[in-house]
Amino acid sequence: MESTASASSFLLLLLLLHHSSATTPTLPTSNSSFPNEALPTKSGYLPVNPKTNSAIFYTFYEAQHPTSPLSQTPLLIWLQGGPGCSSMVGNFLELGPYRVVSDSEEQNVTLQPNLGSWNRIFGLIFLDNPIGTGFSIASKHEEIPRDQNTVAKHLFSAITKFLESDPVFKTRSIYITGESYAGKYVPAIGHYILKKNMKLPVSKQVNLKGVAIGNGLTDPVTQVRTHAVNAYFSGFINERQKRELEEGQKEAVKLVKMGNWSAATNARSRVLSLLQNMTGLATMYDFTRRMPYETRLVTEFLQSVEVKKALGANESIVFEHCSKMVREALHEDLMKSVKYMVEFLVKNTKVLLYQGHLDLRVGVVSTEAWIKTMKWEGIGKFLMAERKIWKVNGELAGYVQKWGSLSHALVLGAGHLVPTDQAINSQAMVEDWVLERGVFTHEQEEDSASGLLDAL
């Protein structure tokens, strides 16, 4: 989700303690709103720069019911979007083992189990990325990434530090997942890992097996062109409004072609603001909602000193679910495409792109638009592949199109935060994709293997 919150004081980020790579959480008291069973397996800080105290905050949850020995149990890594939104939103509002809920009578924020958590049979790691986001620490403002290459360098440092913290992690398959602006982070770190693996001995390589992007902003110049036509054919605007939006879209594209990145980002923002005003929706992230997603509950919950202690987070940080400071640092990055990274990934590992069909902001139409422009030898066969009906527990969950290493899923009844809206179905989706079951089964046709090269 794109950041709209104000930044926490940067001075608070300078109040640094010594951070280990695997902080053990402090157990809360028995009457705590944070029950012991909701604690992460481990959490804390992973350094990204040996010369400073800059570090990425993480929480790790081991698989609840693994179906194989832990040394063979896949690890999922989750990255939130924004840019500058905390992965604790994903943890406590979307796909973590416990979700925040509001007690309407006492106005308390508490936790309840999430039956659709993504750590049912997999290990699950949440990373507050980039530094300066959530509980992560940027020692200096200048260290906050301005581009995806720096984002990837920091993530690689954090991920390798995590994997080194326990020998059993080294043999486990890694899948990088995320949503929204992580449509850039996920390809960036995936691309970086595969390139890095080429130069490293096997013992030092990251065992990356796939990447998954939900409602992602990946190829912005293609995606910004789709807002008018999507809103028009969805019945939200008329012909005159469509033309007005198209003029704004053309301006954003023109500025991208000129390399005027900051102005292009501003032009895209104007298009989205105009569309918001035209539709009058409570949120374009899910056009059926009467109120926006309740990310404020996550903020309330994580501002508690007791909860910070339980998670091993720096208690001096005033948690905000999205950082204006990080968003501003990546302002010129926003309209830059990472499609070429996805093209590299789909040739060398497997890729899942999924969207909630109620998202009017970064939805299925915008993703399909850039998929069609991919430079990949399998794209023709993918575009001609059957779009299969996808069911979960006997009920229609959406549609999946797959060929070779590329899968594209449409999740019915979901908006921008797919796991929040369709917890069980999103869980089934990611499990079946990783394990290649159901509609994600690898094709048996003789020529299908030509679309999937061996992972590096």
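1. K196 counts as partly exposed, because its relative accessibility is 32%, and the partly exposed class lies between buried (under 20% relative accessible area) and exposed (over 50%), with a 1.4 Å probe and protein chains only. This lysine sits in helix α3, residues 182–197; helices here are DSSP runs of H or I with at least four residues, strands are E runs of at least two, and both are numbered from the N terminus.

2. Before going on, please keep in mind that this is a predicted model: local features need pLDDT of at least 70, side-chain atom pairs count only at pLDDT 80 or more, and totals for chains, interfaces and linings use all residues. Residues are numbered from 1 along each chain as its sequence is written, and side-chain values use heavy atoms, with hydrogens and water left out.

3. K196 also belongs to a surface patch of positive charge, together with K153, K195 and K199. Patch members have over 30% relative accessible area and no salt bridge, and like charges are joined within 9 Å. A salt bridge would be a side-chain nitrogen of Lys or Arg within 4 Å of a carboxyl oxygen of Asp or Glu. Lys and Arg count as positive, while His and the chain ends are not counted; for Lys, the charge is placed at NZ. Areas come from the Shrake-Rupley method with a 1.4 Å probe.

4. Please look at two cis peptide bonds. One joins G82 and P83, with omega about 0 degrees, and P83 is in the loop between β3 (75–79) and α1 (87–95). The other runs from N129 to P130, with omega near -5 degrees; P130 falls in the loop between β6 (123–127) and α2 (148–164).

5. Which asparagine has a positive phi of about 45 degrees although it is not a glycine? That is N215, in the loop between β8 (208–214) and α4 (220–223). N215 is buried, because its relative accessible area is 0%.

6. N393 has a positive phi as well, about 55 degrees, again without being a glycine. Its loop connects β10 (387–392) and β11 (395–403). With 71% relative accessibility, N393 counts as exposed.

7. Finally, a look at H227, which lies in helix α5, residues 227–233. Its relative accessibility is 5%, so H227 counts as buried. Leaving aside residues up to four places away in sequence, H227 touches Q249, V271, L272, L275, L360 and R361, where contact means heavy atoms within 4.5 Å.

Methods: Patches are made of residues with over 30% relative accessible area and no salt bridge: like charges are joined within 9 Å, nonpolar side chains (Val, Leu, Ile, Met, Phe, Trp, Tyr) within 5 Å.
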